Amino acid sequence: MDKRKIKQAFSAAAASYDGAAQLQRRVGTALLQSADLANQHGTLLDIGCGTGFLTGELLALSPCQELIALDMALPMLHATRQKLSGHTNVHYLCADAEALPLADQSVDGVFSNLALQWCGDLRAVFADIRRVLKPDGQLVFATFGTETLQELKNAWATEDNYQHVNDFHDETYLINGLQQAGFRAIHSQRQHHQPRYASVLELMRELKHLGAHNVLPRRNKGVTGKTALHRMMEAYPRNPQEPTISATFDVIMVSAKR
Ligand SMILES: C[S@@+](CC[C@H](N)C(=O)[O-])C[C@H]1O[C@@H](n2cnc3c(N)ncnc32)[C@H](O)[C@@H]1O
């Protein structure tokens, strides 16, 4: 994971994010429906708040007193602040989820929608989240599982040996990581979303608008030319009866108690 590139990609996508984030909003809504928000008082932390969709929902659905919106991409935080300008109990923190600049046992609930998959060392992140949570505090997050974008990954694999799609952790890794960090009452739920796109190019465009396009080191510089891209698109699985293509998003929703 190249943090500088991840930050750059999300910063550049702050203006286009909302127009492309239908899946992220759907997952965020389902995530909050699965959480106990009615009793979520105190200070909440939204990790990787992006343009503030989940942050706004947390304000609307929970009786929290304070909310910390955290993101490492400053333009994303600006977008959240603009959206939630009427709320004086929201604090904006430009920071890395892998080094939370928060005191031990200072928050009552930690929420994160589709952001933790961008962290290099999730086990360390879980340990740090547990450190900042008060006893009995809850952690609720959604992240992507191993089958995410498998069609795109497989299509590229027919073309070259480079990694064009990020690797994602499986459910067992997440649960083990949470257990090792000391979390209890761990529940997880997996859902496959398969939105359709007019073309592979449209899928790739959407990922770019989200800031979630390939941010891996460009080890294949000069190799991924137009021909390779065209051949990859030809290899992308499609149903001859269907004019559109689909992409799999393997979503894992997890809740746990400190
Ligand atoms: C796909 S967006 C999700 C945004 C929002 N949670 C939502 O539901 O729409 C992922 C966000 O996580 C942020 N992010 C990625 N890695 C991060 C890290 N290590 N620390 C803090 N934020 C991070 C990105 O800048 C981006 O805004």
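Hi everyone, let's start at A185, which sits in strand β6, residues 184-193; strands here are DSSP runs of E with at least two residues, numbered from the N terminus. A quick word on the ground rules: this is a predicted model, where local features need pLDDT of at least 70, side-chain atom pairs count only at pLDDT 80 or more, and totals for chains, interfaces and linings use all residues. Residues are numbered from 1 along each chain as its sequence is written, and side-chain values use heavy atoms, with hydrogens and water left out.

Back to A185: its phi is positive, about 45°, although the residue is not a glycine. Most residues other than glycine have a negative phi. A185 is partly exposed, at 39% relative accessible area; that term covers the range between buried, under 20%, and exposed, over 50%, with a 1.4 Å probe and protein chains only.

Q105 is another one to look at, with a positive phi near 45°. Q105 belongs to the loop between β3 (90-94) and β4 (107-113), and is partly exposed, with a relative accessible area of 39%.

For polar contacts, meaning pairs of N or O atoms within 3.5 Å, the D71 side chain places an N or O atom 2.6 Å from a ligand oxygen. The D96 side chain has one 2.8 Å from a ligand nitrogen, and a backbone N or O atom of M72 is 3.3 Å from a nitrogen of the ligand. The protein covers 98% of the 600 Å² of accessible area that the ligand has on its own, by the Shrake-Rupley method with a 1.4 Å probe. Thanks, all!

Key:
A polar contact is a pair of N or O atoms within 3.5 Å; within protein, one must be able to donate a hydrogen and the other to accept it, and residues adjacent in sequence count only if both atoms are side-chain atoms. Helices (H or I, at least four residues) and strands (E, at least two) are DSSP runs, numbered from the N terminus.
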